[in-house]
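Please find below my note on the model under review.

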Amino acid sequence: MYKKVASIVLSFALFLGAGTVNVFAEELPLDAELQLNTVLNEEVEMLSTEEYEKVLAAVSQRAQDAITPELIEEVKVLRQEIENSETMQILKSSSLTRASYDTVSLEVLLDTHDGLSLVDIAAIGIHANAARDEASDLYTDVANVEMKEDAFRHMTWNFRAIKDVGESKTRIATINHEWQDVIFNVVTQYENERYNYYFDLYRTQITWGLMPVDTIINMAKADADAYAITYRDALLQECKDSLEVFNSVFANNSFIMDFWNNKVGRDYGKSNPDSSTNEVFVDAWNANKLIKHEGASAVTDDVRSFLYSTNWWYIM
């Protein structure tokens, strides 16, 4: 946490977004010709470490340059509104948020910025937990061999949610679930840097009791909230511009597997809405429509390139 005041515990907030859900092109269909059980040996096209660090530095600078006073004020208002809401208190004390609260708050920030309401997010969260529980009851993963539990969880999360809140909202939430994981450490580091900046700037006032520490905590959090939005968008654009950047950002094969299997779940939610979760999963698994594990024999360069050519991993 913050190095200046070790005893401070930051309360991370969810955000309530206003307006309509973003409109985007219909998702590209799953290519029946792509055989997921085919082992290919192509080397994944990625940036070198030095090249990737330069890209991330440029993305960070563009993200900081894109932060406006208006955006800062917007996220401040959103935070205050949601912290004061009854719904927020329920979420904080319930089992709906099983992940750490700071990661949840970042994920919901992205969701609300992209048009979801807190009610939408809570509903999708309920489906996520139901899918997780059922997956652990039915299946056990064998890493890089057969990951039925993970595949079931992601596929049926989307299958369940699309029938409740619709395809667009489900797509936003499940895509941002992955993007949150990508940017979390960077956003956390930026928040700590902003806290230290404000602490040094207002050290005298804080020492003399003229400014509460909570004030600079809130200032740093607002800066980080705005940065999370601009950084995600800038990094996403870099990915869209380059397959090598995309592969570097999503170097962990779990991202590819999750984006893919999320999409399969949404497809089945539209085509087989009355089937049970395990029925659609078994059908998709046996038909080789799912990525079955995170190993290189399943997440091949061909699979990565195909996913990159779709809009299953972004909503902009």
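**Notes on the predicted model**

1. Phe246 is buried, at a relative accessible area of 0% (buried means under 20%, exposed over 50%, partly exposed in between, with a 1.4 Å probe and protein chains only). The model is predicted: local features need pLDDT of at least 70 and side-chain atom pairs pLDDT 80 or more, while totals for chains, interfaces and linings use all residues. Residues are numbered from 1 along each chain as its sequence is written, and side-chain values use heavy atoms, without hydrogens and water.

2. Phe250 and Trp313 form an edge-to-face aromatic pair, with centres 6.3 Å apart and 70° between the planes. Rings of Phe, Tyr and Trp (its six-membered ring) pair if their centres lie within 6.5 Å; planes under 30 degrees apart are stacked, over 60 edge-to-face and the rest tilted. Phe250 lies in the loop between H10 and helix H11 (253-271) and Trp313 in the segment after H13, so the pair ties together parts 63 residues apart in sequence. Both Phe250 and Trp313 are buried.

3. One aromatic cluster comprises Trp179, Phe246, Phe250, Phe255, Phe259, Tyr308, Trp313 and Tyr314. Tyr308 is also buried, at 19% relative accessibility.

4. Ile206 is buried, with a relative accessible area of 14%. Beyond residues up to four places away in sequence, Ile206 touches Phe199, Met211, Val213 and Ile216 (contact means heavy atoms within 4.5 Å). The C-alpha atoms of Ile206 and Ile216 are 9.5 Å apart, and the two residues are ten apart in sequence.

Key:
Helix = DSSP H or I, 4+ residues; strand = E, 2+ residues; numbered from the N terminus.
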